[in-house]
Amino acid sequence: MNTDERYLHLLSTAYPTVADAASEVINLEAILNLPKGTEHFLADLHGEHEAFIHVLKNASGNIKRKVGEIFGNTLRESEKKELCTLIYYPEQKLELVKAAEEDLEDWYRITIHQLVRVCRDVSSKYTRSKVRKSLPEEFSYIIEELLHESSDDQNKAAYVAVIVDTIISTGRADDFIVAICNVIQRLAIDQLHILGDIYDRGPGAHIIIDTLRQYHSWDIQWGNHDILWMGAAAGNDACICNVLRLSLRYANLATLEEGYGINLVPLATFALETYGDDPCEEFIPRELKQQTKMDEKTLLLTAKMHKAISIIQFKQEAQIFHRRPEWQMEDRCLLENIDFDENVCTINGVKHSMKSCFFPTVNPKAPLELTPEEALLMKKLHHSFRVSEKLRKHISTILSHGCMYNICNQNLLFHASVPLNDDGSLKEVEILGKTYKGRQLMEFIGQLIRSAFQTDTPTDLKAFAKDYFLYLWCGKDSPLFDKSKMATFERYFLTDKETYHEEKGNYFKLRDSADVCDHILDAFGIEGETRHIINGHVPVHASKGENPIKANGRLMVIDGGFSEAYHSETGIAGYTLIYHSRGFQLVQHEPFTSSQDAILQGSDIKSTTQIVEMSTHRMLVADTDKGRELRAQILDLNDLLYAYRHGIIKENTEKTSNRHVKER
C-alpha cells in the first residue's frame, strides 16, 4: 500500500463515512469565507503592566471603534465611553454604577441589550463552535441564544426580553455582564503577537507574563531583554548581573523581589560594607516616577548596590569574553585597561580620563578576579535565580510560545534586526565553527537557546549555549543587538562622551530601503505584494518627526516607547498595530495614567490611528495562512471521498464519528 493510501486510511478513522467527510468539507469551505480574524501586534512592553493590560482590554481601540460603528449617533459620546469602560473593567465599573444609579433594573436591561449587540458584532467572524468554546460554562447557553436571536424579530422579541428580564430577576445580572464583557474582550482579537522585550525598566514584567499565560492565543518573538532574563534563569552569572544592574538603574526592584522572590539582602549588605563611604554619584537611579517615592537613604543604598553589581558584571563579562575569543570581544574587558595611578582608561590606544577611580574590589594585578566576598555574593545570587519556581515557569512560557522570528500571513516578525553586510546582503555569522545567515541564523540561535534548558544537551554545547546569552545581549553580530559595542562602562566612568557612541549595524542603517527589505523577505521565503517586516526594539522618535512606516510601507516599527523611561525621549507612549479584515491600522498612544483613572473617569488611552494599508477587498480566512491549511485539508478530504465512492476504502458506518470541527 502506498503512502497516500496509508494516510487516507488514517484520515478515515476521524471521518469514517461519506457523510462525515462531506460534512467536514462543507464546514471548512464555509470557514474559508468568514472574514479574517483580527491580529494585534505589541512590542517593547518593558514591564509597563498597567498600560499593557489596558491596551489588551481595549484591543488598541478596536472595541471603541466597534462601539462607535454599532451605535453611531444613537448614543451620546459620554454613553459610548461609559459602555467601553464597562467592557474593559466590568467588575470595578459595576460597583460605581450600583452606587450611583437610581433605577438599576432599567440600567441592567438597557446595558445587557447593548453588550449583546457588541458581542454579536465581534463574534460574527467566527464559527458558532469557536464562539461556544469562548463562552463561560455557566452562561454559555444563554449568551449563545442571545447572540443568534434578534429583538428586531417580532416573533422572538418577547423570547429575548424574557431571557434578559430573568437574568435580572434571578440576581445574575452582575455575573452575566462580567461574563459577556470578558467574551467581548476575548473575541475582539483573534491572535496577539508580542515582538519582544517584556522585561526591564517597568515594575510588572511578571504580571504581564501571568496575564499572557491566561490569554487565549499569543506568540512572542524574543527580545534582547527577554534573552537577558532567560540567560539569568539558565545560570549565566553575567546575565544575572545585568538583570540586577538594570533593575537598580531604573529603581525598579518589584519584578525581582515581589515577582520572583530574588533575595537582594546579600547584595545590599555587601554594597554597604564595600562602598560605605563612596557617594556613587554615577549610579544614582534614573529619574523615574518610582524614584519620587524613595527617601535619601534608600536612594543612596540603591546607588551603592548598583555600583557593586556593575563592577562584578564587568568582571564576569570579561571572563566569558576571554573564554570565547572567537567572539572578538576581548577589547571590551576594560577593567584591564585602567591605570589606577593616572586615573585613565586606555581604549584603542587613547587615554581617557575617568570620572572616578574608586574600585576597592579590583586588584590592578588581576582586575578580573572576584574577591572572596564577591564570589560568595554571586553564589547566593546565582542560587536565588536558579531556585525561583515562578521565574522558571515564566521562562518556560516564553520558550513554549516563541522563538527568534515568526512568519504569519505574509508578515515577518522579529524583535530587532537581521545582520547585513554593507551592501545590504545577508551577513554570515560564525557560531561554533559554522556560518549562518538570515533565516538559518535565526533558526540555529533559537535551537541553541533551547538547548541551554534541555537536560539531554551535551555538556560542552550546554556551556556554550549558556555563555551565548551574553553574546546575544551585547555582541556585534547578534540579531538582538547589532551595534558596534555596548558602552555601559564608558557611560559610568569616562568623561569623554564621544566614547559613549554605539554605532548601529547595517540593518538599522539600510532598513529604509525597499530593496533591502524585499531581499530579506525573499530570503525568509515570504511572497506576495502585501508582505511586510514588523519590528520593535528601537524607539521611534515621533516628537522629532520620525515615521514608523519605512521602506515604502515594507517595514513597520512599532516601538514608540511603551516604557515610561522613553516618554520624554519619544514624545509618545508607544505604537500598537491592528491587522483586521480590511487592512492595517497603526495606533499611536499617549501615556497611560492608571487603570484607576480609566475606571473612575472613563479615561481611555488617547490614541491616534493611522491607516497604513487598506485591502481592495475584505480579507477572508481563505486569504490567510490558516486558509492555505484548510484548503489542503479539503483536498485530502476530497481524496477520501473519492476513495470511499470508488471502493478503495470501505466506509465504517458502525463507528461513531469522532471528527473534530476545524476552526481557524
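Ile533 has Leu555 as its bridge partner in β14. The two strands concerned, β12 (residues 532–535) and β14 (residues 555–557), pair in the parallel sense over three bridges; strands count as paired if DSSP finds at least two bridges between them. Helices (H or I, at least four residues) and strands (E, at least two) are DSSP runs, numbered from the N terminus. The pair belongs to an open sheet of five strands with mixed pairing, in the order β8-β9-β12-β14-β13. At its edges stand β8 (405–408) and β13 (549–550), each with a single partner strand, so one side of each has no neighbour in the sheet.

The model is a predicted one, in which local features need pLDDT of at least 70 and side-chain atom pairs count only at pLDDT 80 or more, while totals for chains, interfaces and linings use all residues. Residues are numbered from 1 along each chain as its sequence is written, and side-chain values use heavy atoms, with hydrogens and water left out.

The protein has 27 helices and 17 strands. Of its 664 residues, 56% count as buried, where buried means under 20% relative accessible area, exposed over 50% and partly exposed in between (1.4 Å probe, protein chains only). The accessible surface is about 29400 Å², and carbon and sulfur atoms account for 48% of this; areas come from the Shrake-Rupley method with a 1.4 Å probe, and for residues only the protein chains shown count as cover. Among contacts (heavy atoms within 4.5 Å) between residues at least 6 apart in sequence, 73% join residues at least 24 apart. Tyr15 and Asn652 are 637 residues apart along the chain, yet their C-alpha atoms are separated by 9.0 Å. Tyr15 is placed in the loop between α1 (3–14) and α2 (18–32) and is buried, at 2% relative accessibility.

Other strand pairings are found elsewhere in the chain. An open sheet of three strands has antiparallel pairing and the order β4-β5-β6. Its edge strands, β4 (338–339) and β6 (350–353), each pair on one side only. β5 and β6 run antiparallel and are joined by four bridges, and Thr346 has Lys351 in β6 as its bridge partner. By contrast, strand β2 (residues 191–194) and β3 run parallel, with three bridges between them; Leu192 has Trp218 in β3 as its bridge partner. The pairings with a stated bridge count are set out here.

| Strand pair | Sense | Bridges |
|---|---|---|
| β2 and β3 | parallel | three |
| β5 and β6 | antiparallel | four |
| β12 and β14 | parallel | three |

In a regular strand the side chains alternate between the two faces of the sheet. In β3 (residues 218–221), Trp218 and Ile220 point one way, Asp219 and Gln221 point the other way, and all are buried. Helix α13 (residues 224–234) is mostly covered, with eleven of its eleven residues buried; among them are His225, Asp226, Trp229 and Met230. Just after α13, Gly235 takes a positive phi of about 105 degrees.

On a 1 Å grid over the protein atoms alone, a cavity is a set of points where a 1.4 Å probe fits but cannot get out, and a pocket is an open set with protein on both sides within 12 Å along at least five of seven lines; lining residues have an atom within 4 Å of a point. Grid points are joined across faces, edges and corners, and a volume is the space filled by probe spheres set on the points.

A search of the whole structure finds three cavities of 30 Å³ or more, and the largest cavity has a volume of about 60 Å³. Its lining includes Thr38, Lys66, Asp121, Val122 and Tyr126, and α4, α7 (104–122) and α11 (173–188) each give two or more residues to it. Lys66 lies in helix α4 (residues 62–71) and is buried, with a relative accessible area of 11%. Leaving aside its neighbours within four places in sequence, Lys66 is in contact with Asp121 and Val122.

The second largest pocket has a volume of about 830 Å³. It is lined by 41 residues, of which Gln328, Met329, Asp331, Arg332 and Ser484 lie nearest its centre. Elements supplying at least two lining residues each include α17 (296–323), β5 (344–347) and α21 (459–474).
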